[in-house]
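Please have the model open as you read.

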Amino acid sequence: MRTAYSVQTVRSAERALMAKLPEGALMQRAAAGLAAACADVLRRRGRVYGARVVLLVGSGDNGGDALYAGARLARRGAGVRAVLTSPGRAHEGGLAALLAAGGRVEEGDASTSAQGGHIDLVVDGITGIGGHGGLRAEAAQLVRALEASGAAFVAVDLPSGVEADTGEVLGDAVRADATVTFGTYKPGLLIDPAADLAGALRLVDIGLGPELPDVPDLEALQYADVAALLPVPGSESDKYRRGVVGIVAGSARYPGAAVLAVSGALRGGAGAVRYVGPGAHAVIARHPETLVHAGPPSKAGRVQAWVVGPGLGDGTEAVEAVRGVLAADVPVLVDADGLRLLDATAVRSRTAPTVLTPHAGEAAALLGVPREEVEAGRLAAVRELAARYRATVLLKGSTTLVATETGHTPVRVNPTGTSWLATAGSGDVLSGLTGSLLAAGLAPRDAASVGAYLHGLAARHASNSAPVAAQDVAEAIPAAWRDVRA
């Protein structure tokens with residue numbers, strides 16, 4: 001599992017570790033890892049010896065890491081030039097090491113720093129995790145000039161100009177091809193829009209682990225974590241013991257939403273799917289194993305979890321369906337139209353778990369803020385939604401986040417998302433899949449996390465870098481399941 005910690009937590013851990021080490025040892029560990037990563041990038045582009053490297057050096061330890069790494073590259077035969085974005089405030093020891101290794105130092109000037117021939121690599125050591133509010137105008141101009149050179153960019157700890165704790169980008173920022181981060185991941189490396197600027201991630205172990213708290217701020221499941229959570233039927237299982245999920249979806253206008261939600265549910269691990277709504281004929285035509293009922297949900301039969309909302313519309317029957325499902329004493333997942341129709345008080349007063357699965361626009365409506373505010377600050381939005389509605393919230397988007405109402409539980413970020421999921425009906429499939437995992441016995445946070453993970457993998461299987469439809473994603477869920485368990 002990948003874990004991420006806030007800047008404050010990282011700083012405290014670094015102080016505790018530095019107190020146990022010789023002076024400067026921690027920076028040397030970081031610089032060694034950074035230099036090795038930069039050498040790998042240079043080798044992929046041709047060679048280390050004779051390569052031309054530009055270091056963008058700020059005033060903090062981030063700049064010191066870049067300088068010491070640059071000295072190591074210079075000793076291997078690279079031509080290294082350090083451009084100081086804060087002249088007179090750069091790390092003195094790092095400067096001395098670079099000069100001793102044959103490197104050069106100059107002050108930052110966008111009109112000259114990108115000149116002087118071909119550049120293979122730019123190392124971004126401008127601000128690091130202590131920076132806020134985007135790059136200053138002079139630094140931004142320098143970065144843009146160097147980007148035009150075609151050089152690869154490697155960020156030190158995280159791209160300068162992004163917010164380490166939130167993933168927000170509040171101004172100009174570096175777009176890196178790779179980011180080398182130290183000790184632990186930072187939230188901004190895993191959450192868009194900042195994550196989109198980080199490129200490939202490389203974590204350098206500097207011995208920080210024992211100094212970090214057991215509970216991180218953010219975590220991202222990996223294959224092994226998901227495999228351990230997948231519901232696998234035992235020898236005594238039958239369709240009812242495996243769980244029954246109820247789906248309330250679809251309308252005369254959106255009958256396909258019912259089919260897609262059921263498609264996701266049938267592949268999600270539960271033993272049976274009950275469908276309630278006006279799309280029964282379409283559902284049975286596509287999935288004859290589905291148990292159908294005209295409604296209301298309370299009369300449909302026993303279920304271990306409900307999914308309500310995809311394509312439901314906003315008529316009286318839809319309102320009553322959402323109200324009836326929320327009154328049930330089983331886990332409930334609310335999506336799409338159900339989010340518009342739910343009563344916040346009814347959600348907060350439920351004793352059984354509730355999972356809300358909004359996209360940014362729906363989240364903005366639930367919070368009463370502009371959509372742009374949610375998209376820019378996804379971490380704050382998902383935490384606020386979970387706390388306000390006393391629910392588990394799966395915030396869909398370029399990076400899907402899962403938060404619970406308990407503030408001490410790490411937010412989970414899904415690492416398998418792909419832009420091919422931006423297609424009509426994709427969210428309906430995710431709702432059915434996640435609801436099925438709920439019915440199969442997974443805790444709400446685990447069901448949401450595993451559902452998002454499998455959903456992303458399925459989209460990659462289905463798309464293979466080509467356009468994909470929602471039903472294709474649903475049909476690829478078993479392939480994603482096999483990948484995880486392999």
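## About the model

This is a predicted model, in which local features need pLDDT of at least 70 and side-chain atom pairs count only at pLDDT 80 or more, while totals for chains, interfaces and linings use all residues. Residues are numbered from 1 along each chain as its sequence is written, and side-chain values use heavy atoms, with hydrogens and water left out.

## Cis peptide bonds

Let's begin with the prolines. Asp192 and Pro193 are joined by a cis peptide bond, with omega near 10°. Pro193 sits in the loop that runs between β7 (178-182) and α7 (195-198). Helices (H or I, at least four residues) and strands (E, at least two) are DSSP runs, numbered from the N terminus.

Another cis bond leads from Gly295 to Pro296, and its omega is near 5°. You will find Pro296 in the loop between β12 (291-293) and β13 (305-308).

## Positive phi angles

Next come the phi angles. Asp157 is not a glycine, yet its phi is positive, at about 75°. Its place is the loop between β6 (152-156) and β7. With 7% relative accessibility, Asp157 counts as buried, a term that means under 20% relative accessible area (1.4 Å probe, protein chains only).

Ala336, not a glycine either, has a positive phi of about 50°. The loop between β14 (332-334) and α12 (337-341) holds Ala336. Ala336 is buried as well, because its relative accessible area is 16%.

Conventions:
Buried < 20%, exposed > 50% of the residue type's maximum accessible area, 1.4 Å probe, protein only.
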